[in-house]
Structures are given as structure tokens and as C-alpha cells.
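Subject: Structure handover and notes

Dear colleague,

Please find the structure below, followed by my notes on what was found in it. I would be glad if you could read the notes with the model open beside them.

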Amino acid sequence: MAFVQFSKVSLAFGDRDILKDVSVNLQTGSKAALTGANGAGKSTLIKIMAGLVEPDSGERIAQKDIRIAYLPQSGLVHHGCSLKEEADKAFQWGYELQEKIDSIGEQMRQFPDQADKLAVEHSNLLSRLEESMWYRRDMLSETVLLGLGFSREDFDRQTEEFSGGWQMRIALAKALMCSPDILLLDEPTNYLDIEARNWLEKFLSDFKGGFLLVSHDRYFLDHTVNVVYELFGGDLKRYPGNFSHYEEVRKVELESLIQAYEQQQQEMQHLEDFIKRFGAKATKAAQAQERQKMLDRLLENKIEIPENLKKIHFTFPEAPHSGQLVVTLDKITKSYGGPNIIDGLDFVLEKGERLVVAGRNGAGKSTLLRIIAGADTDFTGEVKLGAGVSIGYFSQDSAEKITGSESILDRLISRCPLNLVPKARDMLGAFLFRGDDVFKSIDVLSGGEKSRIALLELLLRPVNLLVLDEPTNHLDMHSKDVLLDALKDYGGTVIFVSHDRGFIESLATRVLELHPGKYRNFPGDYRYYMQRLEDEANGAVGEFSFQSIAAERKPETKVESAPAENVSAGKLAWEEQKKLSAERRKIEKEIEKLENQIAESEDRKKELENSLSDPAVYSDGEKSRQVQKEIEGLDAELERLNRLWEEAYEKLG
């Protein structure tokens, strides 16, 4: 059984302890996650385990001939060969092993008297090679590259032609292909779309070796790991179970920790107040000095709460009123010089919907969002915004507009609604700007930090249509939760693209699936969409037809071939869904009308009840009886309206 382990490993940067007597064991079959706040030392711990960083003390032990594959967060660049040639470098260990086998074979011929001894070693090495994927490396290489989103056309492209995100995919592919005993993956999902994440999830589920990974994708962790290690304050604690189970257990622990923290904070405050009041008085000097010693002891043993477990909540400014129809897309067509990436797209988005745009990389998701937001005007067709619609748009390019020398805190306060100014520090903390970070100058921030500032500023603007392209890219799990809670409470409409499946499942109420030149509309949440795809793949239901104006004109070039019965079933399924969607919109309009009537009746009732305290009313018996009679009538009306509202709501299911 392959293994790599720590024993009482410690490491400090200056006066800060990163690791304090940490012990951990990874072996064949380990499926572990490493969590902790940003800056806790997760990447450092993984580098020590990979043998790239030496600890100050303690011992790292690895089994002889163990193969460890390590993937850093970023920074890897490949050049000088094709993708296929670069991928083949992952099998260098096999080439070296084959050379060793050939060398031993030659020695057996040269030294017959040592043949028996050499034959044993020769046989062992051959067995290792046969048990690995060496003789199936071409198949493995193709499977992994395709699984991570590369196309066969990419195989002959030079690696330097690929962007930074795809460079990291190449590095991940090589780590997976080298038949490692232990995988150490630092944020492997950062540059993957949801299809590639799903593929990686299955790969790790079937992986026979052991792995330790860092990720901010809760869904991904829940479906890949069975143990979680938390790094906090230099200490490492083990929690059996998936990530959600770890959070539940940690929540209980945190409740008692918070009680102790709050009690300590109160005690420290009392001591500080006493020292400030009496420190300068001669009669109290001795007592003040004693209090100072007590305060110093508390500070030495100060209780800290993990930043990644602190719960922060904030709400958006109220969304301005808009019409029921928010966006209507009419025959939207877009090309970058080749085939149309979007072709004849017709779509209507209604108030309150939270639409996720799905599809593989290159399907046109970001392009469509830019068109809707008005950032791209080079297309044909028409985008019609509904009455009163105001758009807030976030993309990865938003970071480029964040410039200046003011501090992060000053910038946010200057752009923050007055009622949210007192929460500015908390909001910045939720977006990973904690402690003295808020005083950093804007011009020294990284691209990721500026992206978080751009997202936060957008969320503080009073708009009623949010168009968000990968809003979670530079957020940790806690920040995603804060954003998700705020979006759930948001009174406007949302169109978004995300590669975080948990985030999508929690937010989306409708799915628009894009393929180059065609699209499909799924009037249901993301779980329904994924189940539908699974049922289609298994042949349990017919496929939804791709909807496209161009497809109807030229079916032989735009619509994927499928058996006639599948197309027919898909059409029927689409018509059924269309009918259900129309009925649902009708019910939702009825509910909205009833809610407005209920609000008006409640306002009138409150107004009448307040009038009963007016001397001009309560001193006049007739007026008082009239008011009371109207209140009783409103009570009956409210009872009727609420009953109708409940009946309508039940129809929604």
C-alpha cells in the first residue's frame, strides 16, 4: 500500500505559525479534502507533502518508489510541442521503466551467472508496467483530454496557443495520466467548466490511489471525499465524512466556541475600560497594573473564530419596479467570422426568474450575456428590454475598470448606499477583504481582488436585472454562500453563468442550454435539467428538440440527427413543457395580483386601526362604528384573498 505521511511537522513564517506539530497520513484509498480560511497555509501544507518545501521540524515519510502528482493553483505554462506530445510527457516514468527493463535484459545476456537474480527484478518491473496504464497510454491520454474539455482538433495544436486556464487543464491532465499513487490537487476545479468538473468528479470516484485536494466547490467535495482536514491557527483536525457533514459538525463546535469568544471579548473590554479610567490615578495604579497583566494573559490565549465559518448576511438595495416581461430576444444571431455561434435565438425572460445559461466552453454563454447587457452590439436580431428594466452587468473584464489609489474601504463607502455604510467592513469581509486588507490601495490589488471589488460594487447598485458571468470565480465557499443568500433574497431578475454546480442548483429556476448555433430551453430548475439529460442519455425519454430559426430553415445543417421516434417524443415533450410553462406563468400572474390586493387591503386596515386612536374618531360613536365595520369587512376580504392565494400557490406545486 502506497503512502506519504507527516509526523509532528511544524513550519513558521516569521513569528506566525503556519503548521504546529501536524500529523497526517495519506495512503491508497484516501479521499481527503483540505479546508481552512484563505491564508491558513493549505497550499504550503500540500507543497510539504509533495516534497517541494522543507518543514522547520518534524518528519515526512514516503514509501519507496511512490509516484506523487502535484498540481498547484496556477502559474504552469507549456510550450514547444503539440498538446498530444505534451500529454505524452506524463508517461515519462514508463519510458524510464522500459529503459530499465531493457537494460536488465541486456545484463542477463552479458552475465548469465547473475541471470536468476536479474530475472526476478526484470519480472517485478514488467509486472509494474503491465499493471499500470502504460500499454494503454494512448487511450488514457485521449480519454482524459476529452474529459477535461479538449477536442480532438486540439491534439495537434501547439501548447503555447492555449490560454492560461487551458494551460492549467493541460497540467491537470498530465497529473491524472501519470498513474500516480497519490494525487495532491490545489484548486483543480478553478479553470474547469461544469462538464469537465463532472468528469473529474467521476475520475476521482473511480481512482484507486489516494488523493488530497483543496476546492471551494461544496458539491464537488461532497461527491468525491470521505474525510475533511481543517487547518486553523496552525493546527490540523480530521473530520470523517463528506464536506457537508464536516460543516454540520463544525457548526456545533463553533456555537460553543462563539460563546467562549464572546465571553472573552466582554472580559477584555471590561479590563480595557478599567485600565483607561484608572490607569493614570495613583490610588488605582496597582489595580490597573494587575488588570493589564490579566489582559495580557487573555491576549496570549485569545480565542479566534475561523473566518471561513463566520456567517455574514447582507441584502441588496431594493430592486426598482419593472414590467412582467424583462427581456425579449428576437432572432439573435452572432458570428466571429466563422459559423454562427448563436443562430436565430428567440427567448423571453419574465420578472423574478433566475436563468442559468448552460453549455460547454465555446457554446456562446458569455457572448449571449454580453449581448443582453449591451456590451456587445455586433450582432443581428433585437434585444428588447421591458418597462423600467435597469441592468447590472458583471464579467471577468469588470476588474479592468477598478483603478485608483484610494483604499478599498474608502472606495466602497463612497459608492455604498447610506443605510449599508455601517456594514461596509462586514461586506468586505464576506468578499475576502479582512483585517488590514481593507486599507490596501486599489492600485496594488491583483486581478482576482479587483474582480471581487467589482462584483461587490455591482451588488450595491439598485438595479432589477443582474447579468452575472462567473460571479463565484474568485470567491471561497463562505463568500459564495453570502452571495447566494443575497441573490435568493433579491427582488429582481437574474441571468447568470457559473461552473459551480451547487451554486447553480441552489439558485436557478430555469435553464437555457447553448450549443454552437442552437439552443434548448428547459422550464425547470437545474436538477430537473440534469435529470432530463440523464434520462435522454439512457433512452428513458425522447430528446428535447433544439430550437433555432436557422435550424427550421436548414435542418440538415443545424439539427443533430436522431431517430424519428426520439424527435417526435422530444417535440411532444417540448410542447407539453411549453403548455405547462404557460399555465405556470398564468398562475404566477394571478398570485402577483392577489398579493397586491392583499397588500392594499392590509395597508387600508392598518390605516383604519390607526384612526381609532384619533380623538375625532373614538369620541364620535357613529364614526367609530363605521370604522370598525369597515375593518371587519376588510378582515373578511383578507380571509377570502388569502384563501385564493393559498389555492393558487398550491397549483404551482
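Helix α5 passes helix α6 in a right-handed crossing, where helices (H or I, at least four residues) and strands (E, at least two) are DSSP runs numbered from the N terminus, and where a crossing is left-handed if the near helix is turned anticlockwise from the far one by less than a right angle, and right-handed if clockwise. The contact, meaning heavy atoms within 4.5 Å, is made by Leu-140, Ser-141, Val-144 and Leu-145 of α5 together with Ala-173, Leu-176 and Met-177 of α6. By class, the residues of this contact divide into six nonpolar, one polar and no charged, with Ala, Val, Leu, Ile, Met, Phe, Trp, Tyr, Cys and Pro counted as nonpolar, Asp, Glu, Lys and Arg as charged, and the others, Gly among them, as polar. Helix α5 covers residues 137-147 and α6 residues 164-177, and the two pack at an angle of about 140° with their axes 10 Å apart; axes here are lines fitted to C-alpha atoms, for helices over the stretch in contact, and angles run from 0 to 180 degrees between N-to-C directions. That angle makes α5 oblique to α6, because angles under 35 degrees count as roughly parallel, over 145 as roughly antiparallel, 65 to 115 as roughly perpendicular and the rest as oblique.

Before going further, please note that this is a predicted model, in which local features need pLDDT of at least 70 and side-chain atom pairs count only at pLDDT 80 or more, while totals for chains, interfaces and linings use all residues. Residues are numbered from 1 along each chain as its sequence is written, and side-chain values use heavy atoms, with hydrogens and water left out.

As for the whole protein, there are 22 helices and 18 strands, and the C-alpha trace spans about 125 × 95 × 45 Å along its principal axes. Of the 653 residues, 46% count as buried, which is to say under 20% relative accessible area, with exposed being over 50% and partly exposed in between (1.4 Å probe, protein chains only). Among contacts between residues at least 6 apart in sequence, 69% join residues at least 24 apart.

Turning to the strands, an open sheet of six has the order β14-β15-β16-β12-β17-β18, with mixed pairing, two strands being paired if DSSP finds at least two bridges between them. Its edge strands are β14 (391-394) and β18 (518-522), each of which pairs on one side only, and the twist averages 15° from one strand to the next. Strand β17 (residues 510-515) is joined to β18 by five bridges, and the two run antiparallel; Glu-513 has Arg-520 in β18 as its bridge partner. Helix α14 (residues 447-459) lies across β14 and β15 (465-469), running at about 170° to β14.

Strand β7 (residues 210-214) is mostly covered, with five of its five residues buried. Gly-210, Leu-212 and Val-214 point one way from this strand, whereas Phe-211 and Leu-213 point the other way. Strand β3 (residues 31-35) runs parallel to β7 and is joined to it by three bridges, with Lys-31 partnered by Phe-211. Strand β6 (residues 182-186) also pairs with β7 in the parallel sense, over five bridges, and there Leu-185 stands opposite Leu-213.

Two single residues may also interest you. Leu-329, in strand β10 (residues 325-335), counts as buried at 4% relative accessibility, and, leaving aside neighbours within four places in sequence, is in contact with residues including Leu-345, Phe-347, Leu-368 and Ile-372. Glu-350, in strand β11 (residues 340-350), is buried with a relative accessible area of 7%, and, with neighbours within four places in sequence again left aside, is in contact with Gln-324, Leu-325, Val-326, Thr-493 and Arg-585.

With best regards
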